[in-house]
Amino acid sequence: MTASTERLYLFDTTLRDGAQTTGVDFTLDDKLKIAAILDDLGIDYVEGGYPGANATDTALFGEDRRLKATFTAFGMTKRAGRSAANDPGVAALLDAKAKAICFVAKAWDYHVHVALGCTLEENLEGIRDSVAAANARGFEVLVDCEHFFDGYKANPDYALACARDAYASGARWVVLCDTNGGTLPEEVEAIVQEVAAVVPGGHLGIHAHNDTEQAVANTLAAVRAGCRQIQGTLNGLGERCGNANLTSLIPTLLLKPAYADRFAIGVSREKLTQLTKVSRQLDELINRPPNRHAPYVGASAFATKAGIHASAVLKEPETYEHVPPETVGNRRQVLVSEQAGKSNVLAELERVGLTVAKDDPRVARILDEVKERESLGYAYEGADASFFLLAKRVMGEVPAFFTVERFKVNVERRYNAVGDLVTFSEATVKVKVGDEVMISAAEGNGPVNALDAALRKDLGRYQRFIEDLELVDFRVRILNGGTGAVTRVLIESRDGSGDTWTTVGVSANIIDASFQALTDSITYKLVKEGVGV
């Protein structure tokens, strides 16, 4: 931070507001892991959850988590008709092992009457008394003015009174929340400017929801108008359409001169290179596939498919890249697809570790093979290992490690010994390695799992090279309708070194497509290890 820059503070609410995402249910261990990731990244405030509302959050705030970030508890202001000292919700917050408390308070008169059922003055009293109680206990205090922008448009005097009373009572931050996510950037900027005349911008925060795909734009508009705290979530998690995406905001603040020249944040350029990894760590923890098209961190964020674009990117990346991908820990991809030209193929060959001269006739043969196979339904954009093997096969450089002479998969539904109806899968594979023939059988929790186990049970002299191989993801896409549809299977594998790779198979039969991808995975592992025949 220099004398000419102002500090912006990043407040992450992934563990609280992000936990309201449909299908997301954090365990205590999940929350601790994510908090550690956020802390290491350089986030200023980590909001852990709502102590007293559920067992997980109560346990989370039951001990000091020793974060460098300001660990923050969230809860409601005191209820009307009782003092802050006698409100159990406020008591749970005051007992939390946290450095800050964020009180949520209604700032829309309509909600005060309908949701709280109290008077406007009683709501203001709740804000003042709750802030004073937390201040007296030594907490840094934030007040999240819920529905602030809708409230301001309905009754600006009352919305401003909520913000003013929060600040006057000692709140470090007054956070303006677009709870319904329907406010537009120009409205946000104008309203924040009005609020900044009452509460200094250095004490204003913005909490934007994404119901009109404006959360990031609204956040930046609020910063331009004076807000100096930014609230959001990793990968834009949150109820309904999500919250402002910190994974998009952080690199924009660090890499775009309009903000980087004016402001400093707690995330360093060095830590920014971990952003793609952080984004994918979160997706892995919540067991959902990463958004390939996410700005900055998505697998397709720096991918080029069209041949003319690929040629330009290879000559000068800035022609089609707004920032260098490595600044956010991502990488450039020049995709091999039916739209590809030789430039794409050459770039992808180089990326997967194969160096071929531009005028090598094998490049054209590889391109022809890719196009022919993609017409059948194969896709190599997300299957680097299968593309690597395709190219090596065209070049005559893949040894015939083994031949699968036949396989059989049996799926049976039956009652087990205790009377439960179960589905049972068993696979048998006959493999020839040199002059040796092995027949292996295995059971699995599904036909593909059984087939995978049988195939890798005995590969003769190659067995020791695949002992650490495991299947970590299995994805199926139906390419056309009906029960006779063509199926594309993508399999992600990993070995003991931590390397991962993806292979693809295509067939009208899902088992056959899976088997293609499985055999490619094993073959890639053997080639990667430099195994000879």
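## Basis of the description

Two strands count as paired if DSSP finds at least two bridges between them. Strands (E, at least two residues) and helices (H or I, at least four) are DSSP runs, numbered from the N terminus.

The model is predicted: local features require pLDDT of at least 70, side-chain atom pairs count only at pLDDT 80 or more, and totals for chains, interfaces and linings use all residues. Residue numbers start from 1 along each chain as its sequence is written, and side-chain values rest on heavy atoms, with hydrogens and water left out.

## Overall architecture

The protein contains 19 helices and 18 strands. Its C-alpha trace spans about 85 × 65 × 45 Å along the principal axes. Of its 533 residues, 52% count as buried, a term for under 20% relative accessible area, with exposed set at over 50% and partly exposed in between (1.4 Å probe, protein chains only).

## Sheet β13-β14-β15

Strands β13, β14 and β15 form, in that order, an open sheet with antiparallel pairing. At its edges are β13 (403-415) and β15 (436-444), each of which pairs on one side only. The twist from one strand to the next averages 10°; axes here are lines fitted to C-alpha atoms, for helices over the stretch in contact, and angles run from 0 to 180 degrees between N-to-C directions.

Strand β14 (residues 421-433) runs antiparallel to β15, and nine bridges join the two. Lys430 has Ile439 in β15 as its bridge partner.

## Sheet β16-β17-β18

A further open sheet of three strands has the order β16-β17-β18, also with antiparallel pairing. The edge strands β16 and β18 each have a single partner strand, so one side of each lacks a neighbour in the sheet. On average, neighbouring strands of this sheet are turned by 20° against each other, direction ignored.

Eight bridges connect β17 (residues 487-494) with β18 in the antiparallel sense. Opposite Arg488 stands Val506 in β18, and opposite Ser493 stands Trp501 in β18. The two strands β17 and β18 form a hairpin with five residues between them, and Gly498 in the turn has a positive phi of about 95°. Strand β18 (residues 500-507) is largely enclosed by the rest of the structure, because seven of its eight residues are buried.

## Nonpolar patch

Leu471, Phe474, Val476, Ile478 and Ile510 make a nonpolar surface patch of about 370 Å². Patch residues have over 30% relative accessible area and no salt bridge; like charges are joined within 9 Å and nonpolar side chains (Val, Leu, Ile, Met, Phe, Trp, Tyr) within 5 Å. A salt bridge places a side-chain nitrogen of Lys or Arg within 4 Å of a carboxyl oxygen of Asp or Glu. Strand β16 (residues 470-478) supplies the largest share of the patch, four residues, and Ile478 lies in this strand.

## Aromatic pairs

Eleven aromatic pairs are found in a search of the whole structure. Rings of Phe, Tyr and Trp (its six-membered ring) pair if their centres lie within 6.5 Å; planes under 30 degrees apart are stacked, over 60 edge-to-face and the rest tilted. Trp108 and Tyr110 form a tilted pair, 5.3 Å centre to centre with 45° between the planes. Trp108 is buried at 17% relative accessible area, whereas Tyr110, at 47%, counts as partly exposed.

The ring centres of Phe148 and Phe149 lie 5.8 Å apart and their planes stand at 90°, so this pair is edge-to-face. Both Phe148 and Phe149 are buried, and together with Tyr152 they form one aromatic cluster.

How values were computed: Accessible areas come from the Shrake-Rupley method with a 1.4 Å probe; for residues, only the protein chains shown count as cover.
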